[in-house]
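Please read them with the sequence and the structure side by side.

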Amino acid sequence: SSSVATIGTPRTAMATVPFNAAVGEVAMAPESRPLVVTEPETGSVVISVPVVRTGGSYSNASIAWLINLVTGSNSVDDGDFVSRTGSAVLLQGQTRNNDGIQIAIRADSLPEFNESFTLTLVRVDSGAATLSNASDQVVQGVIVQNDSPYGEVALDTWSTVVEEGSFVQILLVRSGGTLDASLWSWQLEAAPGTTATPAAQFMSVRGLVSFVTGAANAPIILQAAEDTTPELNQTFVLTVAPLAGFEDLGTPNHTMVTLLENDYPYG
């Protein structure tokens, strides 16, 4: 008998390379997380989000993407985005496209807080590829607050007058955004270089004034006291300061208040 081995059957075997390994898995690049966007002052700006492919790259691939606004995140509408849908393309042999997703943000004059959104790869529209795991298909993004959402506060006049026994109203005015409440203090002092005594001439020389959300102005009432002492014009200065809130103080940032002469100072 022979001791030499012989080749039996079957003599061949078929091996299959998995489809996913050949065409690769697509995801957004890790460095795109989170996506922080600043609204431009004018026109529009384009933000690029890289798309990467791991594994094989033996086919072109077009991947649809979608932007959704996050409910309850101060997002007013989708007017900040030129488009909230689009496609990213990877050519055969290409494993990274730095400009794969192009998000265009347009300028506006609408005061806004931070606005959150999600950018999601939703499907492969054409060619061949698979989407990576769910966590790599979604990127959290934010459009940074802009156009002064808290507004700028100023007094409505540089100067005013009041008669003894009467009152004058001075408005604290908020321009720009009115998206939050705020609290301000006011104080009446003698004008520099004078010897006027505010506490003797006015019923109150300090107080608080508040803005509710959405309000654009708040009044300060100065009530001049009544007396029988002959007096010449007396000048005081009203100033304000923030106690709670994020508004900036604009101009006018003080008001000169003149208490007119009274009780026949010349006899």
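1. In what follows, a residue is called buried if its relative accessible area is under 20%, and exposed if that value is over 50%, with partly exposed residues in between. The model is a predicted one, and local features are taken up only where pLDDT is at least 70.

2. As to the chain overall, the secondary structure comes to 3 helices and 18 strands. Of the 267 residues of the protein chain, 39% count as buried, and the accessible surface comes to about 14500 Å², with 54% of that area belonging to carbon and sulfur atoms. When contacts with a separation of 6 or more are considered, 77% of them in the protein chain come from residues 24 or more positions apart.

3. In general, the strands of a sheet pair through backbone hydrogen bonds, in either a parallel or an antiparallel manner. Here, strand S10 (residues 152–155) pairs with S17 in the parallel sense over 2 bridges, and Val-153 has Leu-249 in S17 as its bridge partner.

4. How many aromatic pairs are there? The count comes to 3 aromatic pairs. Among them is the pair of Phe-81 and Phe-117, which is edge-to-face, with 5.2 Å centre to centre and 80° between the planes. This pair links distant parts of the chain, since Phe-81 lies in the loop between strand S4 (61–69) and strand S5 (85–90), whereas Phe-117 belongs to strand S7 (residues 115–127), 36 residues apart. Phe-81 is buried, with a relative accessible area of 4%, and Phe-117 is buried as well, with a relative accessible area of 1%.

5. Phe-202 and Phe-236 also form an edge-to-face aromatic pair, at 5.2 Å centre to centre and with 90° between the planes. Because Phe-202 lies in the loop between helix H3 (198–201) and strand S14 (206–211), while Phe-236 lies in strand S16 (residues 234–244), the pair ties together parts that are 34 residues apart in sequence.

Notes: Residues are numbered from 1 along each chain as its sequence is written. This is a predicted model: local features need pLDDT of at least 70, side-chain atom pairs count only at pLDDT 80 or more; totals for chains, interfaces and linings use all residues. Side-chain values use heavy atoms; hydrogens and water are left out. Two strands pair if DSSP finds at least two bridges between them. Helices (H or I, at least four residues) and strands (E, at least two) are DSSP runs, numbered from the N terminus. Buried means under 20% relative accessible area, exposed over 50%, partly exposed in between (1.4 Å probe, protein chains only). Contact means heavy atoms within 4.5 Å. Accessible areas come from the Shrake-Rupley method with a 1.4 Å probe; for residues, only the protein chains shown count as cover. Rings of Phe, Tyr and Trp (its six-membered ring) pair if their centres lie within 6.5 Å; planes under 30 degrees apart count as stacked, over 60 as edge-to-face and the rest as tilted.
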